[in-house]
Amino acid sequence: MVAISATDRVFVLTGAGVSAESGIPTFRGVNGLWRNYRIEEVASPDAWRHDPRLVWEFYSMRRRVAASATPNPAHLALASLEQKLGERLFLCTQNVDDLHDQAGSIRVVHMHGELFKSRCDTCSRAPFRDTNTYDPPAELPRCDCGGRIRPHICWFGEVPFELDRIFRALDECTVFIAAGTSGVVEPAASFVAHVGGRARTIYVGAEEPANASAFTECHLGKAGEVLPLLADSIQ
Ligand code: OAD
């Protein structure tokens, strides 16, 4: 395993596999969420227009699961890496749970949004913390402006959050690490190609991702076992 040096600028992209050992289901794979739910019915602007109750039922279920989850050694390793590297670590997660934050990571960029935040679908009211669940027959929440309160999540067909900051950090990094992500959802799946040839690129996960050929190193294993080794390798 290539060691990380204290002068490297490290970009870490995490995916659902990093939270799997905390009991949060991944999306693809045997017990993946997309085996039981159709993306277009629960995670798209069309779904929201056609059946906001079903959308809230889906995100309420996910809030309940995430509320009882706690960080695992993968989250803790990345928090300790941030303590060593400070602002030379850029942690970008596709995960909407708050386990990186709970583990102590301070500068987490949630490119697909945050499960425990909601926002108005009509006015510019800022996203706000919301741990409530909205299962039928409960009334769906409304904003003071009359708009509907929706999950603060990037749905399919929407643009991920903070892309400008993310691409600036990609341009600056000397090491790129992707962990626990299947490498199929854009734009995150192309981050490795964006930095390839310039930065060292490392994949950590249970199996080879779809974009495996773009990485210079692949470490197959559980994130909770491999990421602590990587974090400890820092000289
Ligand atoms: P996926 O479910 O597509 O992939 C999870 C990856 O984690 C797979 O490659 C697994 O092999 C791996 N994995 C499972 N358990 C692991 C473990 N303990 N340690 C390490 N790896 C493990 O999840 P993502 O790639 O994160 O987007 O999915 C990307 C996006 O697709 C999500 O953010 C979500 C989804 O649709 C939105 O909802 C916008």
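Student: How far is an oxygen atom of the ligand from a polar backbone atom of Phe27?

Tutor: This is a predicted model, in which local features need pLDDT of at least 70, side-chain atom pairs count only at pLDDT 80 or more, and totals for chains, interfaces and linings use all residues. Residues are numbered from 1 along each chain as its sequence is written, and side-chain values use heavy atoms, with hydrogens and water left out. Between the ligand oxygen and the polar backbone atom of Phe27 the distance is 2.7 Å.

Student: Which residue has a polar side-chain atom 2.9 Å from an oxygen atom of the ligand?

Tutor: The side chain of Arg28 places an N or O atom 2.6 Å from a ligand oxygen. At 2.9 Å, the side chain that supplies the polar atom is that of Trp34.

Student: How much of the ligand does the protein bury?

Tutor: Accessible areas here come from the Shrake-Rupley method with a 1.4 Å probe. Taken alone, the ligand exposes 800 Å². Of that area, the protein buries 92%.

Student: How many residues of domain 2 are in contact with domain 1?

Tutor: The domain assignment gives domain 1 as 1-24 + 71-112 + 159-235 and domain 2 as 25-68 + 124-153. Contact means heavy atoms within 4.5 Å. Twelve residues of domain 1 meet this criterion, and their partners in domain 2 number nine.

Student: How many salt bridges are found across the interface of domain 1 and domain 2?

Tutor: A salt bridge requires a side-chain nitrogen of Lys or Arg within 4 Å of a carboxyl oxygen of Asp or Glu. Across the interface of domain 1 and domain 2, the number found by this rule is zero.

Conventions. Domain bounds come from an automatic or database domain assignment. A polar contact is a pair of N or O atoms within 3.5 Å; within protein, one must be able to donate a hydrogen and the other to accept it, and residues adjacent in sequence count only if both atoms are side-chain atoms.
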